[in-house]
Amino acid sequence: MVPEIQAADDRLRAWARRFVSPEVLSGYMLISPALFLMVVLLGYPFCLAVYISLTDKVLGSSGNFIGIHNFFKLIGDPYFRQTVQNSLIYTISSVSLKLCLGMALALLLSQEFRYRNLVRGLILLPWVVPTSLSVLTWLWMFDSLFSVINYMLLSLGIISRKIPWLGDPFWAMVSVIIVNTWRGLPFFALSILAGLMTIPKELYEAAETDGARGLGKFWYITLPLLQPVIGVVVLFSTIWTFSDFQIVYILTHGGPINATQVFATMAYDVAMVAGRIGEGAAISLFLFPILLVVVFFMLRYLRQV
Amino acid sequence: MKRRRLQIVKRIFGLYLPLGAFLFFALFPFYWMAVSSFKSDSELYNLRANQLLLKKPTLEHFRNLIRETAILHWLFNSFFVSFLTAVISMTLGIMAGYALARLEFPGAKSFGMATFVTYLVPTTLLFIPLASVVQALRLSNSIWSLVVTYPTFLIPFSTWMLIAYFKSIPREIEECAMIDGCGRIRALVQIVLPMAIPGIVFSGMFSFTLSWNEFVYALTFISSTAHKTISVAVPTTLIRGDAYFWGDLMAASLVGSVPVAVLYSFFTEYFISGMTAGALKG
């Protein structure tokens, strides 16, 4: 055979081995349904979101292309700036609270005691039960007249006047942060607990012979070894909290006077209630850079492991 | 003797008291939900009595719900959508998860990364364009809009869970089967799947719970009362204007929470391990 033809033939064979071997074909066959759904219902909607955000589309019309006008308008809008500020306060406070309390709870749950499995199961409940329904209970617990929290605090003499939980801008923010912490705490506690279980006991014994005490052991052994788990949990929770909708929507609807409006609830109000779909899509897309940053760190972290 | 007493004190302050506080924080809302749903209206809105106790339990709110609302419809809708989407996502998740765990093909790594990234995409990022897609598919205001869209967040999740599970099954077992003349797909169906049943059941249940609890899509795509799922119907249709019927609301919340709570109580250990697997293995 002529050498050139021989070479071409080899290339063809190599190509065929690479792309049409039975293993490769069954691989493509197996992922194709999932891939199809993800392209049609995630990839396409994402592109559509970008397009809609560049139009002045309102409910029932297709809208005109207006470039990045929506984004400029939002940045200049004091109402939107307040939303950004609220989202930051909401996310940073809730995530730090969940991390500190979650760490404490994980350390408690890692001790030996009776009914430990039952207790772990009960602790998980707030995470499992439908958020919209449990938040309704919180709405009832924060009721301006019948608040059972105020009732308990008054009876115990901790406060002397009723707290206007959802009626006051400051307390409304406190309320949504409390409820978010309540719901997300189990995820932090049990993930950190799983991380604690992987730390070999010998390390602590070795540290004890070197004279380390409780806090020293925690600082020099537990915390560094938990770092990867904490990193992942915090990144996950940051995304969830930034994009959270139900807690604010049900408890305060963003009020009073927009004191608790966050990205997702404002996007819903603007797009679905006021019907300004282009502008609403632009607000939603502000979540995207945050997502990108988190994904970036996550991938970097996963590569290290 | 003195030492022993010190131990007990340490145990109380280092474990029981703080743990009790955490348990109270986690569980009190559920206690309050249950107590409120069994109180009569007169007891519910009585400021003089001890609010924390339940004196005369009544089923009046549950009767109201069944007589005056479509709660049975909502429960059925939730069951229907959650079951169907869990099955769909399981099937596609098994296929994709197996391919990523076992087969080598160009693009496998990028596909794995893509599923991981989509696992992180929040539903609030895409609900506006998805509403247009749902409309274009002529599924607005139908529970089928949820059957179609829920797998988008369930598949990435179940794929990642199942990759880890398939990897824990020794390769040699199916290789033997394949040497004996089994094809790849037959080896998957007859050898690997039966061994992976615990993982599959668990991620199916997890998907069921995620569907049951989903809120944003169901709120956006469905407007008529009869087609809503329970997690959206209770907060949107039982609250009329400024009138809150707390007894009815709490009873409905209890009814909507119990199925998930029961489901997971059988599988707590699985839930915990899966939740952490999701976080740790990414």
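This is a predicted model: local features need pLDDT of at least 70, side-chain atom pairs count only at pLDDT 80 or more; totals for chains, interfaces and linings use all residues.
Visitor: Is A:S243 buried or exposed?
Guide: The relative accessible area of A:S243 is 7%. Buried means under 20%. A:S243 is therefore buried.

Visitor: Which backbone oxygen does the side chain of A:S243 reach, and at what distance?
Guide: The oxygen belongs to A:W240. A polar contact needs a pair of N or O atoms within 3.5 Å. The side chain of A:S243 reaches the backbone oxygen of A:W240 at 3.4 Å.

Visitor: Which residues does A:S243 touch, not counting those up to four places away in sequence?
Guide: Contact means heavy atoms within 4.5 Å. From chain A come A:A264 and A:L287. From chain B come B:P122 and B:T124. So A:S243, with that cut-off, touches A:A264, A:L287, B:P122 and B:T124.

Visitor: Turn to chain B. How many helices and strands has chain B?
Guide: Chain B has 0 strands. Its helices number 15.

Visitor: What is the radius of gyration of chain B?
Guide: Start with the rule for a compact globule of 282 residues. Such a globule would have a value near 19 Å. The C-alpha atoms of chain B fill a box of roughly 75 × 75 × 30 Å along the principal axes. The radius of gyration of chain B is 24 Å.

Visitor: What share of the residues in chain B is buried?
Guide: Chain B has 282 residues. It exposes about 12,800 Å², with 67% of that supplied by carbon and sulfur atoms. Buried residues make up 56% of chain B.

Visitor: What share of contacts in chain B joins residues at least 24 apart?
Guide: The count takes contacts between residues at least 6 apart in sequence. Among these, the share joining residues at least 24 apart is 73%.

Visitor: How far apart are the mean positions of the positive and negative charges of chain B?
Guide: Chain B has 22 positive and 13 negative charges. Their mean positions are 12 Å apart.

Visitor: Is B:R138 buried or exposed?
Guide: B:R138 is found in the loop between α6 (123-136) and α7 (144-149) of chain B. Its phi is near 60°, a positive value in a residue other than glycine. Its relative accessible area is 76%, and exposed means over 50%. B:R138 is therefore exposed.

Visitor: What is the relative accessible area of B:N141?
Guide: B:N141 has its place in the loop between α6 and α7 of chain B. Phi of B:N141 is near 60°, a positive value. B:N141 is partly exposed, with a relative accessible area of 25%.

Note on methods
Residues are numbered from 1 along each chain as its sequence is written. Chains are lettered from A and ligands numbered from 1 in the order in which they are written. Side-chain values use heavy atoms; hydrogens and water are left out. Helices (H or I, at least four residues) and strands (E, at least two) are DSSP runs, numbered from the N terminus. The radius of gyration is taken over C-alpha atoms; the globule rule is 2.2 Å times the number of residues to the power 0.38. Buried means under 20% relative accessible area, exposed over 50%, partly exposed in between (1.4 Å probe, protein chains only). Accessible areas come from the Shrake-Rupley method with a 1.4 Å probe; for residues, only the protein chains shown count as cover. Lys and Arg count as positive and Asp and Glu as negative; His and the chain ends are not counted. The place of a charge is taken as NZ of Lys, CZ of Arg, CG of Asp or CD of Glu. A polar contact is a pair of N or O atoms within 3.5 Å; within protein, one must be able to donate a hydrogen and the other to accept it, and residues adjacent in sequence count only if both atoms are side-chain atoms.
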